[in-house]
Amino acid sequence: MIHRLTNGGEAVSEVFLLSERQMERIEPFFPLAHGVPRVDDRRVLSGIVYVIRNGLQWKDAPKAYGPHKTLYNRFIRWSRLGVFDRIFVALTEQAGRSKRLMIDATHLKAHRTAASLLKKGLFPAISDGQKAA
């Protein structure tokens with residue numbers, strides 16, 4: 001869900017935020033806060049989803065999600081605790097689907113030297129028949 005975040009009275013930007021209903025479904029799987037209360041879970045988790053969905057580096061997360069270090073630390077900590085695994089299992093069970101969930105977030109980026117491989121004969125030549133297909 002896209003929301004317009006504001007800074008006082010002026011609009012800052014439009015960012016992705018998990019809906020209240022989505023948060024209600026996954027909140028039971030969050031670890032309990034020990035000592036100092038956590039920063040806004042909705043904002044941080046939305047930032048994690050945004051970074052992963054868009055194939056960004058953590059440092060490139062929009063400022064509206066808070067410090068990128070917070071996003072990274074929460075993602076690593078909760079991944080190690082199995083929080084995301086439990087969320088995915090519960091959501092697939094609620095949907096009545098199999099217990100296996102696969103997510104493909106493949107992101108490939110060719111190095112700038114990859115274009116020269118064909119010229120150097122380091123890449124197999126493609127015949128005209130294969131090019132047309």
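Me: How do you know that the span of helix 4 agrees with its number of residues?
Reply: Helix 4 covers residues 83-94, and at 1.5 Å a residue its 12 residues should span 16 Å; the end C-alpha atoms are 17 Å apart, which agrees. The expected span is 1.5 Å times one less than the number of residues. Helices here are DSSP runs (H or I, at least four residues), numbered from the N terminus.

Me: And what kind of model is this?
Reply: It's a predicted model, where local features need pLDDT of at least 70 and side-chain atom pairs count only at pLDDT 80 or more, while totals for chains, interfaces and linings use all residues. Residues are numbered from 1 along each chain as its sequence is written, and side-chain values use heavy atoms, with hydrogens and water left out.

Me: Why is Arg 74 called buried?
Reply: Buried means under 20% relative accessible area, exposed over 50%, and partly exposed in between (1.4 Å probe, protein chains only). Arg 74 has 3% relative accessibility, so it counts as buried. You'll find Arg 74 in helix 3.

Me: Why does Asp 41 count as buried?
Reply: Its relative accessibility is 14%, so Asp 41 gets the buried label. Asp 41 sits in helix 2, where the buried residues also include Val 44, Leu 45 and Ile 48.

Me: Which residues does Asp 41 touch, not counting those up to four places away in sequence?
Reply: Met 23, Phe 30, Arg 74 and Trp 78. Contact means heavy atoms within 4.5 Å.

Me: Which helices do the buried residues of helix 4 pack against?
Reply: They pack against helix 1 (20-26), helix 2 and helix 3 (68-81). The buried ones in helix 4 are Val 83, Phe 84, Ile 87, Ala 90 and Thr 92.

Me: How do you know that the span of helix 2 agrees too?
Reply: The 13 residues of helix 2 (residues 41-53) should span 18 Å at 1.5 Å a residue, and the end C-alpha atoms are 18 Å apart, so that agrees.

Methods:
Helices (H or I, at least four residues) and strands (E, at least two) are DSSP runs, numbered from the N terminus.
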